[in-house]
Amino acid sequence: MRKAMYDAEVGDDGRTDKLGRGEDPSVNNLEDVAAEVMGKEAALFCNSGTMANLISLLTHGTRGDNVLAGETCHINKSEKAPFMENIGGLIPRFFETDVFGAPDMDSIHQLMNDYEIKLLCLENTNNFMGGTCLSKEQMNTLCNVAHENGIPVHLDGARIFNASVYYDIPVKKLVKPADSVMFSLSKGLGAPMGSVLCGQKAFITRARKIRKLLGGSMRQSGVVAATGITAIQQEVDRLKEDHENAYLLAGMIKDNAKINIRMDAVQTNIVNVDVSSSGRSAKTIESDLLNKGLKVKSISDYKVRITTYRGVTRDDIIRAATIINAYFREC
Ligand SMILES: *Cc1c(COP(=O)(O)O)cnc(C)c1O
């Protein structure tokens with residue numbers, strides 16, 4: 001990736017030609033590669049997943065529009081801006097979800113009856129539920145229901161490649177029924193920064209204007225975009241190491257009486273640990289483990305999240321499990 005950055009040809013991505021493309025050849029290459037791999041007509045390079053989701057939602061809808069989403073989805077929990085009254089002004093209508101974060105169909109039907117819905121948001125893999133996946137069949141069923149009611153679908157696919165590796169199917173098959181999809185280059189795929197929003201040409205042309213309004217047009221961004229191409233072309237298969245490491249870690253710590261892990265939810269690179277039986281808060285555990293050399297993240301009062309990525313080896317996992325088991329034995 002450092003080499004790709006060094007070699008990247010660059011230009012002004014914010015200045016567009018007659019076809020609406022920017023002038024940075026490396027960004028254009030990345031957008032073409034991303035559109036191709038996602039099976040969509042066009043793509044837009046964005047500086048973060050948060051911005052790509054915001055751009056997408058503001059392109060799909062406008063202030064006052066009702067949007068179907070999961071209450072625990074990343075857009076609601078972490079990004080917030082699309083649903084903030086003084087920023088995006090979209091109104092979230094939360095459907096119910098199961099323990100894997102999968103949307104409940106009855107709840108979606110009910111909300112479609114109660115409100116005029118303008119957009120359905122899905123998330124795959126589901127961040128806060130622990131990297132759990134929606135299958136191709138689930139994606140198809142959910143998107144069909146939306147489309148039958150004239151509602152487009154935005155997929156927050158920050159970690160969609162983890163789902164495609166989990167099911168061992170090409171990512172384009174998984175995202176086919178979604179009208180727009182966002183994915184991250186800088187998480188498991190290891191690029192220094194950036195996300196890509198993909199969709200139909202007309203949608204991306206409108207999204208490009210919103211990106212400019214939000215300050216997301218960049219110059220010489222090809223130095224970063226070049227790493228995104230490397231990420232897509234060379235880093236996807238490696239994700240299965242992260243999945244194996246996460247499953248190995250979960251298996252090594254799950255029998256500890258002070259914690260609880262749903263093994264059937266450990267599908268990709270995230271392990272959610274329920275620490276409610278430990279007598280300590282997730283925040284305390286986060287700082288205690290940090291003192292012992294292990295970085296985990298508290299995501300609620302009683303839930304700790306552990307994530308694997310390319311910088312974490314199998315040996316690290318074994319050390320992490322030793323630290324965790326020793327710690328909870330003392331609890
Ligand atoms: C990380 C993440 C995002 C946001 O991406 P950033 O690049 O951190 O802004 C959005 N959605 C999901 C599901 C994520 O996991």
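Start at the ligand: α3 supplies the largest share of the shell around it, 3 residues. (Helices are DSSP runs of H or I with at least four residues, numbered from the N terminus.) You're looking at a predicted model, where local features need pLDDT of at least 70, side-chain atom pairs count only at pLDDT 80 or more, and totals for chains, interfaces and linings use all residues. Residues are numbered from 1 along each chain as its sequence is written, and side-chain values use heavy atoms, without hydrogens and water.

You'll get 13 residues, with Gly 49, Thr 50, Asn 127, Asp 156 and Lys 187 the closest. Zoom in on Lys 187: an N or O atom of its side chain sits 2.7 Å from a ligand oxygen. The protein buries 85% of the 380 Å² that the ligand exposes when taken alone (Shrake-Rupley, 1.4 Å probe).

Next, select residues 25-38, helix α2. Asp 24 caps its N-terminal end, with a side-chain oxygen 2.9 Å from the backbone nitrogen of Ser 26. Among the buried residues of α2 are Leu 30, Glu 31 and Met 38 (buried means under 20% relative accessible area, with a 1.4 Å probe and protein chains only). Gly 39 follows α2, with a positive phi near 70 degrees.

Last stop: Arg 208, in helix α9 (residues 201-213). Arg 208 is buried, at 11% relative accessible area. A polar atom of the Arg 208 side chain lies 3.1 Å from the backbone oxygen of Gly 20.

Notes:
Helices (H or I, at least four residues) and strands (E, at least two) are DSSP runs, numbered from the N terminus. Buried means under 20% relative accessible area, exposed over 50%, partly exposed in between (1.4 Å probe, protein chains only). A polar contact is a pair of N or O atoms within 3.5 Å; within protein, one must be able to donate a hydrogen and the other to accept it, and residues adjacent in sequence count only if both atoms are side-chain atoms. The expected span of a helix is 1.5 Å times one less than its number of residues. A residue is near a molecule or strand if one of its heavy atoms lies within 4 Å of it.
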